[in-house]
Amino acid sequence: RDWSSDVCSSDLTSVWKYLKSEKEYQYDESGTNPVVTQVDYTYDDLDYLTLTKRTFTNSKGEILTENFTYPHNNTSDSPYDDMVARNMVETVIEQVTSITNSQYLNKELSRVKTNYAIWSGNSSLSPSTFISPSSVEKSIEQNTLTTELVINNYDTKGNILQTTSKKDGVVSYVWGYKQRSEEHTSELQS
């Protein structure tokens, strides 16, 4: 039998639907004098369709802007190139929040950066490594980034075993049944 005559082709066209903006109205006790907040969403990276900027505008004309950075913005650095290869493209690496009002023009209020690393996982799985956070850095008003949290170790299933933070010091976690029960996790703080 000649199967070549049974093959056909078709075109499939789809439309990318996304949230462009939204408005929130908050009223006082009498139901008047609304405070309006508008949120605008910007997607500048059409290759990955990730949110690059979220802008909040309130009734006073103040504009709060959040800018987001993703692994595909850092592909020259490891492990971000591996994150893209593993399709971890929606993971936010850095978030910068700034304000524009009558006093400030685009003043940075805060910056949060999550650093990622390649960790050894269960050797019977493929891939035998996983990518998870290694530390979280923060800054306020354009100061130098300082490390707030370090993830010292994970188990072979990707559960956090130990963290070190400014606030809590060293915290160790003991996982329950077969390392997968969050209900049976113990936290040991030193």
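Is Leu46 buried or exposed? With a relative accessibility of 57%, Leu46 counts as exposed, where exposed stands for over 50% relative accessible area, buried for under 20% and partly exposed for what lies in between, taken with a 1.4 Å probe and protein chains only. The structure is a predicted model, in which local features need pLDDT of at least 70 and side-chain atom pairs count only at pLDDT 80 or more, while totals for chains, interfaces and linings use all residues. Residues are numbered from 1 along each chain as its sequence is written, and side-chain values use heavy atoms, with hydrogens and water left out.

**Overall make-up**

- The chain holds 1 helix and 11 strands, these being DSSP runs numbered from the N terminus (H or I of at least four residues for helices, E of at least two for strands).
- Read from the N terminus, the order of elements is β-β-β-β-α-β-β-β-β-β-β-β.
- Of the 190 residues in the chain, 26% are buried.
- The accessible surface of the chain is about 13100 Å², and carbon and sulfur atoms account for 47% of this area, as computed by the Shrake-Rupley method with a 1.4 Å probe, where for residues only the protein chains shown count as cover.

- Trp16, Tyr18, Leu46 and Leu49 make a nonpolar surface patch of about 390 Å²; patches consist of residues with over 30% relative accessible area and no salt bridge, with nonpolar side chains (Val, Leu, Ile, Met, Phe, Trp, Tyr) joined within 5 Å and like charges within 9 Å.
- A salt bridge, in this sense, is a side-chain nitrogen of Lys or Arg within 4 Å of a carboxyl oxygen of Asp or Glu.
- Leu46 sits in the loop between β2 (35–42) and β3 (53–57), and Leu49 also lies in the loop between β2 and β3.
- Leu49 is partly exposed, its relative accessible area being 37%, and its phi is near 55°, a positive value in a residue other than glycine.

**Backbone features elsewhere**

- Most residues other than glycine have a negative phi, and most peptide bonds are trans.
- Ser78 and Pro79 are joined by a cis peptide bond with omega of about 10°, and Pro79 is placed in the loop between β4 (63–69) and α1 (80–85).
- Gln142, in the loop between β7 (129–140) and β8 (146–154), has a positive phi near 65° and is exposed at 57% relative accessible area.

- Strand β6 (residues 107–120) runs antiparallel to β7 and is joined to it by 11 bridges, two strands being paired if DSSP finds at least two bridges between them; Ile118 has Ile131 in β7 as its bridge partner.
- β7 and β8 pair in the antiparallel sense over 4 bridges, and Ser135 has Val150 in β8 as its bridge partner.
- The hairpin formed by β7 and β8 has 5 residues between the strands, and Glu141 in the turn has a positive phi of about 50°.

**Aromatic pairs**

- There are 5 aromatic pairs, counted where ring centres of Phe, Tyr and Trp (its six-membered ring) lie within 6.5 Å, with planes under 30 degrees apart called stacked, over 60 edge-to-face and the rest tilted.
- The rings of Trp119 and Tyr154 have centres 4.7 Å apart and planes at 70°, so this pair is edge-to-face.
- Trp119 belongs to strand β6 and Tyr154 to strand β8, so the pair ties together parts that are 35 residues apart in sequence.
- Trp119 is buried at 15% relative accessibility, and Tyr154 is buried at 9%.
- The rings of Phe130 and Tyr154 have centres 5.5 Å apart and planes at 85°, so this pair too is edge-to-face.
- Phe130 in strand β7 and Tyr154 in strand β8 are 24 residues apart, and both are buried.
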